[in-house]
Amino acid sequence: MTGGRILAVTVPKWGMAMEEGTVTAWHVEEGAPVAEGDEVLDVESTKIANAIEARAGGVLRRRVAAVGATLPVGGLLAVIAGEDVSDEEIDGFVSGFAVEAAADDAGESGPALRFADAGGRRIRHVAHGEGGEPLVLVHGFGGDMNAWMFNQAALAADRAVHALDLPGHGGSSKDVGDGGLDVLASAVGAVMDAADAARCHLAGHSLGGAAALQAALDRPERAASLTLIAPVGLGPEIDGGYIAGFVAARRRKEMKPLAERLFADPSLVTRAFVEGLLRSKRIDGVDAALAAIASRLFADGRQTLDLAARASGLGLPVQVLWGAADAIVPAAHARRLEGATVRILEGAGHMPMMEKASEANRLIAAFAR
Amino acid sequence: MARVISMRKAINEALFQVMEEDPTVILLGEDIAGGEGSPGDDDAWGGDMGITKGLQPRFGKERVMDTPISESAIIGTAVGAATSGLRPVAELMFVDFMGVCFDQIMNQAAKFRYMFGGKARTPVVIRTQIGAGYNAAAQHSQCLYPVFAHIPGIKCVVPSSAYDAKGLLIQAVRDDDPVIFFEHKVLYDEVRDDVPEEMYAVPFGEANIVREGSDCTIVAIARMVHKAGEAAEALAGEGVECEIVDPRTISPLDEDAILESVEQTGRLVVVDEAYPRCNMAADIAALAAREAFGALRAPVRTVSPPHTPVPFAPELEAAFIPSAGKIADAVRRTVGYAA
């Protein structure tokens, strides 16, 4: 890093509900060099913990927050700068930064929720960043836009990144019709339209992978690339017990063991993560919508969709990311997409974009060009 | 999601939504609109705390009824209407006034399903305020929910957050049994959190693990959940990690969640703003002693007010209410216990 640039490492906003983060570990000593992408420290929100990476290289000039310290979103954790920047300048940056953070407290945090219309269904979505060829993120079965809490802002440095709630999920209409893929794909299309660009890149996880793929098949001229993360629709196998259990679960005790199946490291599942899943399921109409989708697409513990053959003829760049330890949909399905770039992420389960967020972000950013 | 509102607004919104959804839902209580029968503006009050504001203009005087100052008339009407097809939500301003209409709750509403062989249902909700901290003196400040938890046939709800208040009130209205919904008056404005705009129901008998920790379980009710949170923050600075369990409903009580937590931490402190004799703290302490004795590494401690009426003098009232400091002390003694 040259030219006296000073880079702030701040508490990220992982999901709309996140207000503060706590430092749990430092990985870089003060005065040590860091390269772009190096993990600098670990931060924990009430929902989940993750590493924070350097956005650019330099020297870790200052650790501003000690282990155990809790800071608001946007609060200053560390300062990265070149050797040529004086200690006085760093001091000035740190004290000046605190003022900015305090002034920001009064305002609304995070981008505004927006609503698109998909055939009369209200589709909630939110955008980070602006410009470029937009990227649209599509969550999986039973989730919502918060599935991308580690990804959306990180991918939005040089482009608009939209995340939506599929029909039957989150803040979108709970009407899923017959539970088929078309209704879900039309919601993706509506958000592509709302993104207001000639073409969009698409990234979808699990059920959202199939929805994104269907949306690309419906309007291939509007899709620039497709990243499928542990998608359904590429083979018959799926953990039917997970699907049935998730639809039926009402209580923490029922949900926690299911949530643990999503990750290679089950200790990542906090009570707040489980509560988040339950909160989403408690909303009127969600359980009925999930049951309709499950009975249509995952009847009797098997996937009824097979998009592999159609997807292979799509004529778009397609990338497939899969956690090696995926217990819900087998990673072997990745090989069924001819011509796709396949990346298997070690140490990740069915949620690689959370469990291996940095790696997934790098792969998505590099591919969606 | 991502919409932070007060418990006051959350309860008001839940009432709006259940009335929109179900035409059999009616509201009745003193001044819940404002001064019926006297000169002045309609909907001037919206209840003494403004919780029901805006409901009468939207749903009309047929469904949102100002009543005379007669607790037995309010509750008698509500219970009777519930047995004959409506879903009344009665507001009985302060729990302290329940004595006036207690037979209708304890011997009538609570007994119908049982005494009529399961053929009668009484889907009545009684909303009422509890708690000290408003400097409202001995007859307007009590936490009498243990009196109702004592009686089979009544469900007792004690929300501590705006999210829970909305979801539990929607569940209460949909429930086919009598439910008493205890609202801590200090929390109306003191508590603000994320509340979905959509309708959702939080099930009864499902505790919320407010905070995870491995050293000591704190079970706390209503406003005490927040006092326990303050204590847990202070204790975390000393290296003591508390797990806070909020039962959300005390009847039914999520015994499993409490015992599961105690089995992991081996220590229990119960915080209850109700008077100490026969309160929920005593009940939950007995539960742990009976069912988790082998897991306990220290005697169970309870933090409750003294056995005295709620004082009017502000200094004495403040001393009466269990504080974060008293809770933290109880946890320190529990964690520091050596057999």
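User: What makes up the contact between chain A and chain B in terms of residues?

Analyst: Chain A gives 22 residues to the contact and chain B gives 27 residues, where contact means heavy atoms within 4.5 Å. This is a predicted model, in which local features need pLDDT of at least 70, side-chain atom pairs count only at pLDDT 80 or more, and totals for chains, interfaces and linings use all residues. Residues are numbered from 1 along each chain as its sequence is written, and side-chain values use heavy atoms, with hydrogens and water left out.

User: Why is the pairing of A:K253 and B:E260 called a salt bridge?

Analyst: The term asks for a side-chain nitrogen of Lys or Arg within 4 Å of a carboxyl oxygen of Asp or Glu; the side chains of A:K253 and B:E260 meet at 4.0 Å, N to O, and are therefore counted as a salt bridge. Between chain A and chain B the count is five salt bridges.

User: How do you know that chain B is as compact as a globular protein of its length?

Analyst: The radius of gyration, taken over C-alpha atoms, is compared with the globule rule, 2.2 Å times the number of residues to the power 0.38. For the 339 residues of chain B the rule gives 20 Å, and the radius of gyration is 20 Å, close to that value, so chain B is as compact as a globular protein of that length.

User: What share of chain B is called buried?

Analyst: Buried means under 20% relative accessible area, with exposed over 50% and partly exposed in between (1.4 Å probe, protein chains only); by this cut-off, 58% of the 339 residues in chain B are buried. Among contacts in chain B with a separation of 6 or more, 82% join residues 24 or more positions apart.

Definitions and conventions:
Chains lettered and ligands numbered in written order.
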